[in-house]
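Thank you all for coming.

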Amino acid sequence: MKILVPIKRVASLDDEFELRDDGRDVDPDFCEYDLNEFDEYSLEAAVELKERAGEGVVEVVAVTVDTQDGDEILRKALAKGADRAIRIWDESLAESDQIAVARVIAKAVEHEKPGLVFCGAQSADHGHAQTGIAVAGLLGWAHAAVVSGLSYEPGAPVATIDRELEGGLVQKLSIETPAVLTIQLGINKPRYASLRSIKQANAKPIEVLSPAEIGLDPAQTGLAGSLSRVRRMYIPERGRSVMIEGAPAEQAARLLEIVKEVNG
Amino acid sequence: MTAPGNVEAFLRECVKRNDPYLALPAYDLAQGHALQGKVEAVLLKSSRLRIVFGNLPFAPSSFLARLVLEANDAIDLRVARNQNTDSATLDRIDARAVRVDIRRALASHPHAGARLLAKLEAAGDDAIRALVASNANASAATLNAIFARGSRRGWGMIARHPNADPELLRAIYEQGDLPARAEAAGNANCPADLLADNCASPSPSIRRKCAANPALPTGLRLQLLDDPDPGVRAEALRAMPGPLSRELCARDEDSCQVRRRQARRTDIHVTLIERLAADADPWVRRWLARNPSTPPLTLDRLSRDDDAGVRRSVGRNAASPAPLLARLAGDCEAWVRAGVADRPDLPAKARRLLEEDSSIDVLAGVARNPKAPRNALSRLASHTDASVRRAVIFNPSAPALVIRRLLSDDYPLNRALAVGHHKLAVDVSWTCAADPEPQVRFAASKRVAASLSPRIPVHRSYES
């Protein structure tokens, strides 16, 4: 069987950053890019299933919707145990929102025909937590979000999963396959890629496909296929927080004044 | 792979590989060299890199100076905050700094010179002046200027500043609020008459600061040892020069705050030691267990204490005898066993026992032990836990062959640390110059740069 693992290159911001001239995103000069942390866990879950199943039973395919810059995280996925890597891109995909990205991934699923799709529960930069669920909706597949435990025999018609709920509750449920699972942090311990596997990954090919090659209608890509558009990004004015300056005794005295003011 | 044997070859290699993380440690060596421009081109090839390097705490100060040659606020801010930036570069930034956040960064930089701070004081607002007042390089004149402006903001910082002169401290004492007066009373430059008066202040905060003041005459400090406030007595005891008198050495105390302070002194009487060893407060016993002057018999008693923290403290005490360490190696608490695992004076038999321990903390301790045998270190270097493997790297006596294996550790931080191990030959470190992780390549390059710098001796002969 095949497990498809959609992954994303996410931005983490410097302590001090500036916005792009159009005010709709952060200037990339102030961003560090890496594989989405949630996707490290979904990838590890897939690779663990593959390793438990033995040689040749499970194939793990990492896929990303990105420019050539996305090759770096695909290589990382290959080094961590993915068997193949696919990057889907052309200029028509620029400005895609999470739903438009889900349309691309859903087409990739139809193209690859996996038995399971493991997404990260959300992306660390935008945090919509929608892509995986939207993929399931577009495919008409069963889905479960925020999966914190997984028991599955490759090829079986049903998987048993745990989901984290409020108040420390865990919900155990069965889910029919094929299915889309969005994986929560902490479900496993993602591995570090060994130097050897990094070198091997650098020699592996990355399959690059255009939206048209996977059968995606141009009306469903990029802005045309999106349900939302970023109008602007900004930092709201600060609230009532105040930095207490001065020597420790001065800070303590001021803190006491504030407590008295608040308590009346 | 042989490491570049001279500066020219090293710089050429950095340029050829076009790797900024290799080129950064080479920058000092490139100064004035024909290849300087090419090395700079590698380092400055993207605006993202300039921003990243401006932030790096280990970027050479010469390179930070180069970064600010082109005016760019984003880079200026990062370089002004970088602790490696030298005073000349800060002056250059100041000459064009308009943004308040940059000027604040300059005002609080530890390398900002007295003249720059005076300039920032003259042109700044109260917030910048408060930062100048807390900067150790601010001169007495600058501190007086801040005070003369009348805003009370930052008076506490002026009052605790080592360059505040006695008359300024007197003025702050007369006009300031209680916290500022307390700081003035604690300043070593506080006028003697003011200090003496303050020892009888109704405010415990002021008396505590007096008790801690290193300039307080011994007679006054002795008086404060009888103060009704335990905080004052504890401070007076901490600052009391030794050795203590016989009476003070055996003094009974009802406050655990003061008894904790007693337990830390190395000049207390044996009768007091015995009392403190039976103290109900575990922190008193912990401090006593760490005290290098605690006699072996008392340490033996403390090594059987119910509190694991006390037993651990005995294990960390340099004066604890070997048989005691051996007993603690068999303690039921892993944290206590870990406390003795890295000690070179731990008897070999006990150390061998710990080599088989299941606790990561204990194994990491053994891995750091300079007396750990080669076969144990070799085994620990293959442990599944990255922190145990890293502890082997921290062992200065670890054989080069064991460290060499760790150059291919899965965990990048371990590789970066292993590259710099002094037992590795520079040629071996240089094999990591193509590592996928920038921090590892940086460490490899730094090792070569150090070997080529006349200021830093290189040990090429360590490899076994």
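Before I come to the residue classes, let me say that Ala, Val, Leu, Ile, Met, Phe, Trp, Tyr, Cys and Pro are counted here as nonpolar, Asp, Glu, Lys and Arg as charged, and the others, with Gly among them, as polar. Please keep in mind that this is a predicted model, in which local features need pLDDT of at least 70 and side-chain atom pairs count only at pLDDT 80 or more, while totals for chains, interfaces and linings use all residues. Residues are numbered from 1 along each chain as its sequence is written, chains are lettered from A and ligands numbered from 1 in the order in which they are written, and side-chain values use heavy atoms, with hydrogens and water left out.

Let me start with the cavities. By a cavity I mean a set of points, on a 1 Å grid over the protein atoms alone, where a 1.4 Å probe fits but cannot get out, and its lining residues have an atom within 4 Å of a point. Grid points are joined across faces, edges and corners, and a volume is the space filled by probe spheres set on the points. The structure has two cavities of 30 Å³ or more.

The largest cavity holds about 40 Å³ of space, and around it stand Asp126(B), Arg129(B), Ile146(B), Arg149(B), Ser151(B) and Arg153(B). Sorted by class, that lining comprises four charged residues, one polar and one nonpolar.

For the second largest cavity the volume is about 40 Å³, and its lining is made of Leu225(B), Arg233(B), Leu237(B), Leu248(B), Arg251(B), Glu253(B), Val258(B) and Gln262(B). Helix 18 (230-239) and helix 20 (256-264) of chain B are the elements that give two or more residues to this lining; helices (H or I, at least four residues) and strands (E, at least two) are DSSP runs, numbered from the N terminus. Which classes do the residues of this second lining divide into? Four of them are nonpolar, three are charged and one is polar.

Now to chain A, which has six helices and eleven strands. Of its 264 residues, 42% are buried, meaning under 20% relative accessible area with a 1.4 Å probe and protein chains only.

Chain A contains an open sheet of nine strands in the order 9-8-7-10-6-1-4-5-11, with mixed pairing, where two strands pair if DSSP finds at least two bridges between them. Strand 9 (170-176) and strand 11 (207-209) of chain A are at the edges with a single partner strand each, so one side of each has no neighbour in the sheet.

Strand 4 of chain A deserves a moment, and it runs parallel to strand 1 of chain A, to which five bridges join it, with Leu4(A) opposite Val61(A). Strand 4 of chain A also pairs with strand 5 of chain A, again in the parallel sense over five bridges, and there Thr64(A) has Arg87(A) as its bridge partner. Five of the seven residues of strand 4 of chain A are buried, so this strand is largely enclosed by the rest of the structure.

Elsewhere in the sheet, strand 7 (residues 142-151) and strand 10 (residues 179-183) of chain A run parallel and are joined by four bridges, and Ala144(A) is partnered there by Leu181(A).

Conventions:
On a 1 Å grid over the protein atoms alone, a cavity is a set of points where a 1.4 Å probe fits but cannot get out, and a pocket is an open set with protein on both sides within 12 Å along at least five of seven lines; lining residues have an atom within 4 Å of a point. Buried means under 20% relative accessible area, exposed over 50%, partly exposed in between (1.4 Å probe, protein chains only).
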